[in-house]
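Hi,

Here is the structure I said I would pass on. Have a look at it first, and then read on for what turned up.

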Amino acid sequence: MVTQVEQAREWLATAVAEARAGLAEGGIPIGAALYGADGTLLGRGHNRRVQNGDPSVHGETDAFRAAGRQRSYRGTTMVTTLAPCWYCSGLVRQFGISRVVVGEARTFPGAHDWLAEHGVEVVLLDDPECVAMMRDFIAERPELWNEDIGQD
């Protein structure tokens, strides 16, 4: 039987593949995937702020949009390579997504603690590949990273 953490790590692989795709496109390497309560992949996506010239296309919002309209988001899991920002955390709360799997929160703390305080189950994996990918990107493209997180 697969444990919750093993399943979370398997699902994280989808988000990591999306992050790598975004990086290859010249964007910010943050990927996400939305899984249904039954484990079905509903949608996947990556940060496309640079590619689309649209500041609202974060990894989580891209995966959410790819999933399409659902009758309910209860029981779903948002998997993301990086701790979700306030914007994406708001999306999780607004639509009642039950669980968030976070690849890493070292390079950006996000709002996962706030989500946990408001009843969302948070699984923090502290994945070395996710940490290395973001640290490398921040070192190579600090101006783009600062733009993404709203820093001058």
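Let me start with helix α6, where Cys 130, Val 131, Met 133, Met 134 and Phe 137 are buried. Please keep in mind that this is a predicted model. Viewed down the axis of α6, the buried residues fall within an arc of 165°, so they line one face of the helix. Their packing partners are α1, β3, β4 and α7 (142–148). On the face turned away from that buried side, α6 carries the exposed residues Pro 128, Ala 139 and Glu 140.

The N-terminal end of α6 is capped by Asp 127, with a side-chain oxygen 3.1 Å from the backbone nitrogen of Glu 129.

Now for the sheet. It is open, with five strands in the order β2-β1-β3-β4-β5 and mixed pairing. The edges are taken by β2 (41–46) and β5 (121–124); each has a single partner strand, so one side of each is left without a neighbour in the sheet. On average, neighbouring strands are turned by 15° against each other, direction ignored.

At the β2 end, β1 (residues 31–35) pairs with β2 in the antiparallel sense over five bridges, and Ala 32 stands opposite Gly 45 in β2. Helix α1 (residues 4–24) packs on the sheet and touches β1, β2, β3 (77–82), β4 (99–104) and β5. The direction of α1 makes about 55° with that of β3.

Terms used
Residues numbered from 1 in each chain as written. Predicted model: local features only at pLDDT ≥ 70, side-chain atom pairs only at ≥ 80, totals over all residues. Heavy atoms only, no water. Pairing = 2+ DSSP bridges. Helix = DSSP H or I, 4+ residues; strand = E, 2+ residues; numbered from the N terminus. Axes fitted to C-alpha atoms, helices over the stretch in contact; angles between N-to-C directions. Contact = heavy atoms within 4.5 Å. Buried < 20%, exposed > 50% of the residue type's maximum accessible area, 1.4 Å probe, protein only. Arc of directions from axis to C-beta. Polar contact = N/O pair within 3.5 Å; in protein donor to acceptor, adjacent residues only side chain to side chain.
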